[in-house]
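The following note sets out points for a colleague who is reading the model alongside its sequence. Please consider each numbered point with the structure in view.

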Amino acid sequence: MSMRIEAKGLTKRYGAIHAVDGLSFTVEPGRVTGFLGPNGAGKTTTMRMMLGLDAPSSGSVTIGGKPFRDHRSPMRTVGALLDARAVHPGRTVYRHLLCLAESNHLPARRVHEVLEMVGLAGVSRRRAGGLSLGMGQRLGVAAALLGDPPVLMFDEPVNGLDPEGIRWIRVLMRGYAAQGRTVLVSSHLMSEMALTADHLIVLGRGRLLADRPLDDVVSPAAGVLIRTEASRRLIPLLGAERVTVAADGALIVTGMDGTEAGAIAAAHGIALSELSPHRVSLEDAFMDLTAGSLEFTA
Ligand SMILES: Nc1ncnc2c1ncn2[C@@H]1O[C@H](COP(=O)(O)OP(=O)(O)OP(=O)(O)O)[C@@H](O)[C@H]1O
């Protein structure tokens, strides 16, 4: 069973602040959708409205065609990781999950399964409040997976995770998406998002800035990157208007491919130390997209 998330004109005002401002988009099953935006863009507020934790000022958001609160079994519908610190600190890891399972009419054996899945089986008797940040994140993920839900919603899940933990959560999210589930994940880490997401939804100041496949964002117009000792001579030969000089001296050339650029250099006896396709990094693309919507700039 797959479920899409659908926002229509979703808006949330706090006094004069438009935290979320007329958002319309869908989050589709079968892929990982990255939810990006600078600090204060409205990502958390949007996720809270998806889960019925905040009420929209106007507009709506549905999961599987109806508001989240109208679903009979919340944990079997959405697995959410919003604030991993939201645990009863004195309870053991096992008790914490068991209480969640019992209050949601989920079988107790599921607790053992998710403990294995997130790698916490060995610390199930530890108190939840005494876990490291990374283990706390894993406990939050365990809770999200308890109901084996068709929709996963993770807000900054890699916070506090070490490289092994980051890779683990990436594989987990990609695996769930491959099973046809809907996976929405917010992150500030562009490099990580570039490895994890298939599709991006980018917000700035509560508004939709982009809703497109990752590949459309990170590989726009074809271009090549060239390094040479003879930049000054080569630039006019390539056409100065096509060339941007990067901070490290590399030439970024648009409007031609490597074969053409290499032929021009060869025809003039110019040696190149590098000639490669140029992909815009997600970080650069993100900066371009969100320029003008930053609340705080250096
Ligand atoms: N309860 C609240 N009362 C007043 N303003 C709020 C409240 N919650 C959020 N805001 C404001 O709404 C805007 C969006 O905040 P939100 O936390 O949704 O952004 P975000 O994209 O998740 O940011 P971050 O990346 O910093 O977590 C911000 O300007 C924030 O100050």
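**Notes on the predicted model**

1. In helix H5, the residues Met 135, Gly 136, Gln 137, Arg 138, Leu 139, Gly 140, Val 141, Ala 142, Ala 143, Ala 144 and Leu 145 are buried. A residue is termed buried if 20 or more other C-beta atoms lie within 10 Å of its own, exposed if 12 or fewer, and partly exposed in between, with C-beta atoms placed from the backbone. Helix H5 is thus mostly covered, with eleven of its 13 residues buried. Helices (H or I, at least four residues) and strands (E, at least two) are DSSP runs, numbered from the N terminus.

2. Two conventions apply throughout. Numbering starts from 1 along each chain as its sequence is written. The model is predicted, and local features need pLDDT of at least 70, side-chain atom pairs count only at pLDDT 80 or more, and totals for chains, interfaces and linings use all residues.

3. The length of H5 is consistent with its residue count. The helix covers residues 133–145, and its 13 residues should span 18 Å at 1.5 Å a residue, which agrees with the 19 Å between its end C-alpha atoms. The expected span is 1.5 Å times one less than the number of residues. The buried residues of H5 pack against strand E5 (78–81), helix H3 (93–103), helix H4 (109–118), strand E6 (151–155) and helix H6 (163–178). Contact here requires that the C-beta atoms of two residues, placed from the backbone, lie within 7 Å.

4. Regarding the chain as a whole, 39% of its 298 residues count as buried. The secondary structure comprises eleven helices and 13 strands. The C-alpha trace spans about 75 × 45 × 40 Å along its principal axes. Among contacts with a separation of 6 or more, 71% are accounted for by residues 24 or more positions apart.

5. The domain assignment, which is automatic or comes from a database, gives domain 1 (5–73 + 147–217), domain 2 (84–143) and domain 3 (223–279). The centres of domain 1 and domain 3, taken over C-alpha atoms, are separated by 39 Å.

6. Which residues surround the ligand? The shell consists of Tyr 14, Ile 17, Ala 19, Gly 37, Asn 39, Gly 40, Ala 41, Gly 42, Lys 43, Thr 44 and Thr 45; a residue is near the ligand if its C-beta atom, placed from the backbone, lies within 6 Å of it. Strand E2 (17–27) and helix H1 (43–50) each supply at least two residues of this shell, and H1 gives the largest share, three residues. By class, the shell has four nonpolar, six polar and one charged residues. In this scheme Ala, Val, Leu, Ile, Met, Phe, Trp, Tyr, Cys and Pro count as nonpolar, Asp, Glu, Lys and Arg as charged, and the others, Gly among them, as polar.

7. Strand E7 (residues 182–186) is mostly covered, five of its five residues being buried. Thr 182, Leu 184 and Ser 186 point one way from E7, whereas Val 183 and Val 185 point the other way. Strand E3 (residues 31–36) runs parallel to E7 and is joined to it by five bridges, with Arg 31 opposite Thr 182. E6 and E7 also pair in the parallel sense over five bridges, and Leu 152 has Val 183 as its bridge partner in E7. Pairing requires that DSSP finds at least two bridges between two strands.

8. Gly 223 is placed in strand E10 (residues 223–227). Gly 223 counts as buried because it has 21 C-beta neighbours inside 10 Å. Leaving aside neighbours within four places in sequence, Gly 223 is in contact with Ile 252, Val 253, Thr 254 and His 278.

9. Ala 194, in helix H7 (residues 190–196), counts as partly exposed because it has 19 C-beta neighbours inside 10 Å. Not counting residues up to four places away in sequence, Ala 194 touches Leu 214, Val 218 and Leu 282.

10. Most residues other than glycine have a negative phi. His 105, in the loop between H3 and H4, has a positive phi near 55 degrees, and His 105 is exposed, with 11 other C-beta atoms within 10 Å. Arg 205, in the loop between strand E8 (199–204) and strand E9 (207–213), has a positive phi of about 50 degrees. Arg 205 is buried, with 20 other C-beta atoms within 10 Å.
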